[in-house]
Amino acid sequence: MTTRTPWTRQQLLAAFEIYCCRLNFGSFHSRNPEIVRFASSIGRSPSALAMKLSNIASLDPLITSTGRVGLKSASAADRAMWEEMTQDWDSFSLLLKENLDSLGLAENSDPVNSTEEPFDNPQLGVDRPITSTARVGQRFFRTAVLSAYEQRCCISGLAIPGLLVASHIVPWRIDLANRVNPHNGLLLSALHDRAFDTGLFTIEKNMTVKVSRECPQDEFYSSAIFAFHGKRISSPLKFAPDPEFLKYHRDNIYIG
């Protein structure tokens with residue numbers, strides 16, 4: 001009888017990095033180059049890592065709600081790490097980055113879009129956190145939201161990463177505990193990000209766009225923003241927007 005070697009914490013963190021920030025359910029196969037690369041670094045076979053990712057997927061409510069169940073052999077350690085992640089997104093993002101560094105898998109490029117509002121902006125009237133820690137959180141939030149929406153604006157479908165922003169539904173200044181939570185994110189073009197932040201449109205319960213009529217209806221506004229009124233946003237493949245966060249936006253930010 002073959003005894004399976006338990007996954008170490010370092011190996012499991014690497015698997016969660018892939019699940020959260022790099023690949024989606026349909027890409028979990030042993031030939032995927034990212035899985036091959038990570039498997040080599042953690043001393044697991046690509047097929048074992050692909051299987052682990054499917055185990056993690058079985059813990060994701062958005063995956064299971066669509067009838068995709070992943071594998072049904074998630075371990076107690078898998079479940080414990082999922083709980084650890086969802087209880088404290090900030091701390092978990094730091095763990096993922098530290099683990100990447102220890103494995104030599106840290107990215108050379110900075111994934112944070114310069115158009116995004118920095119968590120540590122000293123002009124916003126909040127205490128300035130440690131810059132490196134804040135940027136690690138930004139990295140996780142942006143890459144998780146980019147991955148969830150397959151690098152496409154959920155309003156317009158724009159697929160140019162440099163023009164996309166991981167937009168907070170509830171501004172992080174209002175809810176520091178969820179500034180890194182990808183359930184508090186939408187992937188938007190830079191224009192739609194600014195319009196969303198200023199309340200020119202919101203997202204209804206049925207996930208359709210509701211555009212404010214308070215703004216003068218010039219030709220550009222009509223074609224770039226109002227044209228999406230009543231249209232359903234693209235659904236993410238993981239980390240669905242939290243209904244309570246969307247309700248906050250409708251009640252407190254939308255200016256309709």
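Met 207 counts as buried because its relative accessibility is 18%; the cut-offs are under 20% relative accessible area for buried, over 50% for exposed and partly exposed in between, with a 1.4 Å probe and protein chains only. Met 207 sits in the loop between strand 3 (201–203) and strand 4 (209–211). Its phi is near 65 degrees, a positive value in a residue other than glycine. Most residues other than glycine have a negative phi.

This is a predicted model: local features need pLDDT of at least 70, side-chain atom pairs count only at pLDDT 80 or more, and totals for chains, interfaces and linings use all residues. Residues are numbered from 1 along each chain as its sequence is written, and side-chain values use heavy atoms, with hydrogens and water left out.

Gln 151 also has a positive phi, of about 55 degrees, although it is not a glycine. Gln 151 lies in the loop between helix 7 and strand 1 (164–168). At 38% relative accessibility, Gln 151 counts as partly exposed.

**Overall fold**

The protein has 10 helices and 4 strands. Helices here are DSSP runs of H or I with at least four residues, strands are runs of E with at least two, and both are numbered from the N terminus. Along the sequence the pattern reads α-α-α-α-α-α-α-β-β-α-β-β-α-α. Of the 256 residues, 48% count as buried. Contact means heavy atoms within 4.5 Å. Among contacts between residues at least 6 apart in sequence, 66% join residues at least 24 apart.

**Helix 1 against helix 6**

Helix 1 (residues 9–21) packs on helix 6 (residues 89–103) at an angle of about 110 degrees, with the axes 9 Å apart. That makes the two helices roughly perpendicular. Axes are lines fitted to C-alpha atoms, for helices over the stretch in contact, and angles run from 0 to 180 degrees between N-to-C directions. The crossing of helix 1 and helix 6 is left-handed, meaning that the near helix is turned anticlockwise from the far one by less than a right angle.

Helix 1 brings Arg 9, Gln 10, Leu 13, Ala 14, Phe 16 and Glu 17 to the contact. Helix 6 brings Phe 92, Leu 95, Leu 96, Asn 99, Leu 100, Ser 102 and Leu 103. These contact residues divide into 8 nonpolar, 3 polar and 2 charged. Ala, Val, Leu, Ile, Met, Phe, Trp, Tyr, Cys and Pro count as nonpolar, Asp, Glu, Lys and Arg as charged, and the others, Gly among them, as polar.

**Buried sites**

Ser 93 is in helix 6. Beyond residues up to four places away in sequence, Ser 93 touches Val 136, Gly 137, Phe 140 and Val 180. Arg 142 belongs to helix 7 (residues 131–148).

A disulfide is a pair of cysteine sulfur atoms within 2.5 Å. The count is 0 disulfides. Cys 20 is in none; the nearest cysteine sulfur, that of Cys 21, is 5.5 Å away. Cys 21 is likewise in no disulfide.

| Residue | Relative accessibility | Class |
|---|---|---|
| Cys 20 | 0% | buried |
| Ser 93 | 1% | buried |
| Arg 142 | 5% | buried |
| Cys 21 | 9% | buried |

Methods
Parallel < 35°, antiparallel > 145°, perpendicular 65-115°, else oblique.
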